[in-house]
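Please report on the fold, the packing and the local geometry of this protein.

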Amino acid sequence: MEEFDFSFVKGSDLFKDFSGDIDKVIDFYKQGEYNEMIFNARRVIEGLAAKLVELNGLQNDKNSGYGLSEKLAALRSDAKYPARIMRLFDRLRTYGTIAVHATAKIDAWSAQVALMNFHDLLAYMVSFHEQKRVKYADILLNGFVRK
């Protein structure tokens, strides 16, 4: 199992409300509790999406108090974040749905892919909103910075 460096989360204003939950995600991964890991990662991105909707002034009747899909639709319509980053949200939402509603157990490989997506989504958001340089786990995203 590959380890990903989440140290950039500590001290981040963007993630201060989620740091305990992010730690849970990492702990569940290390313990091999992959369904719990992915379920908790989805909870973090739900909170993050709500925070980003608020930060970007996108609240409205369609996304206020509604689920992750509506929040992501609002973020997507704002076009502030690249499609590649929005796909990370989508993947984690889908993984979370599978982890909660499917009877299948998430395997180690799928959990590692989900954790890499989770890491890179958080890394992008810290880089974008706090101008910190964070290395992505996915080499396809390296060099992908705010323009």
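Val44 is found in helix 2, residues 34-55. Helices here are DSSP runs of H or I with at least four residues, strands are runs of E with at least two, and both are numbered from the N terminus. This is a predicted model, in which local features need pLDDT of at least 70, side-chain atom pairs count only at pLDDT 80 or more, and totals for chains, interfaces and linings use all residues. Residues are numbered from 1 along each chain as its sequence is written, and side-chain values use heavy atoms, with hydrogens and water left out.

Val44 has a relative accessible area of 1%, so Val44 is buried. The scale uses a 1.4 Å probe and protein chains only: buried is under 20% relative accessible area, exposed is over 50%, and partly exposed is in between. Beyond its neighbours within four places in sequence, Val44 is in contact with Phe18, Asp21, Ile22 and Phe118. Contact means heavy atoms within 4.5 Å. Val44 and Phe118 are 74 residues apart in sequence, yet their C-alpha atoms are 9.4 Å apart in space.

Tyr34 also belongs to helix 2. Its relative accessible area is 12%, so Tyr34 is buried. Along the chain, Tyr34 and Ser110 are 76 residues apart, while 8.6 Å separates their C-alpha atoms.

Leu122 lies in helix 5. Its relative accessibility is 0%, so Leu122 counts as buried. Setting aside neighbours within four places in sequence, Leu122 is in contact with Phe6, Phe8, Val9, Phe15, Ile22 and Leu48. Leu122 and Ile85 are 37 residues apart in sequence and 9.9 Å apart from C-alpha to C-alpha.

| Pair | Apart in sequence | C-alpha to C-alpha |
|---|---|---|
| Val44 and Phe118 | 74 residues | 9.4 Å |
| Tyr34 and Ser110 | 76 residues | 8.6 Å |
| Leu122 and Ile85 | 37 residues | 9.9 Å |

Now the whole chain. The protein has five helices and zero strands. From the N terminus on, the order is α-α-α-α-α. Of its 147 residues, 45% count as buried. Take the contacts between residues at least 6 apart in sequence: 61% of them join residues at least 24 apart.

How do helix 3 and helix 4 pack? Their angle is about 175 degrees, and their axes are 11 Å apart. Axes are lines fitted to C-alpha atoms, for helices over the stretch in contact, and angles run from 0 to 180 degrees between N-to-C directions. Helix 3 and helix 4 are therefore roughly antiparallel to each other. That term applies to angles over 145 degrees; under 35 is roughly parallel, 65 to 115 is roughly perpendicular, and the rest is oblique. Helix 3 brings Leu68, Ser69, Leu72, Leu75 and Arg76 to the contact, and helix 4 brings Met86, Phe89, Asp90 and Arg93. These residues divide into five nonpolar, one polar and three charged. Ala, Val, Leu, Ile, Met, Phe, Trp, Tyr, Cys and Pro count as nonpolar, Asp, Glu, Lys and Arg as charged, and the others, Gly among them, as polar.

Next, backbone angles. Most residues other than glycine have a negative phi. Ala79 has a positive phi, near 60 degrees. Ala79 lies in the loop between helix 3 (68-78) and helix 4 (83-101). Its relative accessible area is 59%, so Ala79 is exposed. Gln131 is not a glycine either, and its phi is positive at about 50 degrees. Gln131 sits in the segment after helix 5 (108-130). With 53% relative accessibility, Gln131 counts as exposed.
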